[in-house]
Structures are given as structure tokens and as C-alpha cells.
Amino acid sequence: YQNYPNPFNPSTEIKFTIPERSLITLKVYDIIGREVLVLMNQEKDAGNYNVTFNGSNHANGVYFCRIFAGKYTSVIKMLLLK
């Protein structure tokens with residue numbers, strides 16, 4: 001799902017659903033593709049999850065959250081405005 005709120009200051013919720021037990025990796029990247037933060041890197045059971053990205057220590061701008069879950073990959077665009 002898209003993060004909420006977006007734009008955000010200083011934090012936003014990232015929600016996702018997985019259909020089966022999988023290794024879940026959530027990484028945040030800046031606009032030029034540098035990895036900024038790993039929000040999650042662990043195996044999870046099927047279900048709904050919420051993860052918070054706190055941008056307090058990061059600069060204003062566009063960030064991307066990439067979600068890997070088994071064979072599934074998704075990218076969402078997030079905007080941090082302070």
C-alpha cells in the first residue's frame with residue numbers, strides 16, 4: 001500500500017500484506033538510489049503489517065521504499081517535507 005501520510009513530517013506508516021510466510025526486506029533509498037535505512041529484514045508469517053519510517057534525521061526530499069517478499073517486489077515513493 002502507499003505510505004500514509006504522504007507527504008510526511010517526521011514519520012509515516014508503511015503497510016503491507018503478505019499471503020504466505022516469506023523473508024521480508026524493506027529498504028529506504030534516497031532520490032539518487034543510495035540505501036538510507038533498512039526498516040525490516042526478517043522472516044514473517046502471512047498477514048498484515050505496519051512499519052514506521054521516521055525521517056527526523058534525514059533531509060527533505062523524495063525517498064523510495066522497496067519491499068521484497070519472496071518473489072514479490074514493490075516500490076513506493078515517499079515525500080519528506082519539514
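This is a predicted model: local features need pLDDT of at least 70, side-chain atom pairs count only at pLDDT 80 or more; totals for chains, interfaces and linings use all residues.
1. Let's start with the aromatic rings. The count of aromatic pairs comes to three. In one of them, the ring centres of F16 and Y49 are 5.6 Å apart and the planes meet at 25 degrees, so this pair is stacked; the cut-off for stacking is under 30 degrees. F16 belongs to strand β1 (residues 11–18) and Y49 to strand β4 (residues 47–54), so that the pair links distant parts of the chain, 33 residues apart.

2. Are F16 and Y49 buried or exposed? With buried meaning under 20% relative accessible area, F16 counts as buried at 5% relative accessibility. Y49 counts as buried too, at 18% relative accessibility.

3. There is also an aromatic cluster to look at. F8, F53 and Y63 form one such cluster.

4. F16 turns up again in the largest nonpolar core. This core has 18 residues, and those touching the most other members are I14, F16, I24, L26, C65 and M78. At least two residues come from each of β1, β2 (22–30), β4, β5 and β6. The largest share is that of β5, with four residues.

5. Apart from neighbours within four places in sequence, I14 is in contact with N3, L26, L39, Y49, N50, V51, F53, C65, I67, I76 and M78.

6. Next, the largest pocket, which holds about 210 Å³ of space. It is lined by 15 residues, and the closest to its centre are T17, I18, I67, A69 and Y72. Two or more lining residues come from each of β1, β5 (61–69) and β6 (72–80). Which element gives the most to this lining? That is β1, with four residues. By class, the lining has eight nonpolar, four polar and three charged residues.

7. Last, a histidine in a loop. H58 sits between β4 and β5, and at 19% relative accessibility H58 counts as buried; the cut-off is under 20%. Leaving aside neighbours within four places in sequence, H58 is in contact with V36, F53, Y63, L80 and K82.

Conventions:
Residues are numbered from 1 along each chain as its sequence is written. Side-chain values use heavy atoms; hydrogens and water are left out. Rings of Phe, Tyr and Trp (its six-membered ring) pair if their centres lie within 6.5 Å; planes under 30 degrees apart count as stacked, over 60 as edge-to-face and the rest as tilted. Buried means under 20% relative accessible area, exposed over 50%, partly exposed in between (1.4 Å probe, protein chains only). On a 1 Å grid over the protein atoms alone, a cavity is a set of points where a 1.4 Å probe fits but cannot get out, and a pocket is an open set with protein on both sides within 12 Å along at least five of seven lines; lining residues have an atom within 4 Å of a point. Grid points are joined across faces, edges and corners, and a volume is the space filled by probe spheres set on the points. Ala, Val, Leu, Ile, Met, Phe, Trp, Tyr, Cys and Pro count as nonpolar, Asp, Glu, Lys and Arg as charged, and the others, Gly among them, as polar. A nonpolar core is a set of buried Ala, Val, Leu, Ile, Met, Phe, Trp, Tyr and Cys residues joined through side-chain atoms within 4.5 Å. Contact means heavy atoms within 4.5 Å.
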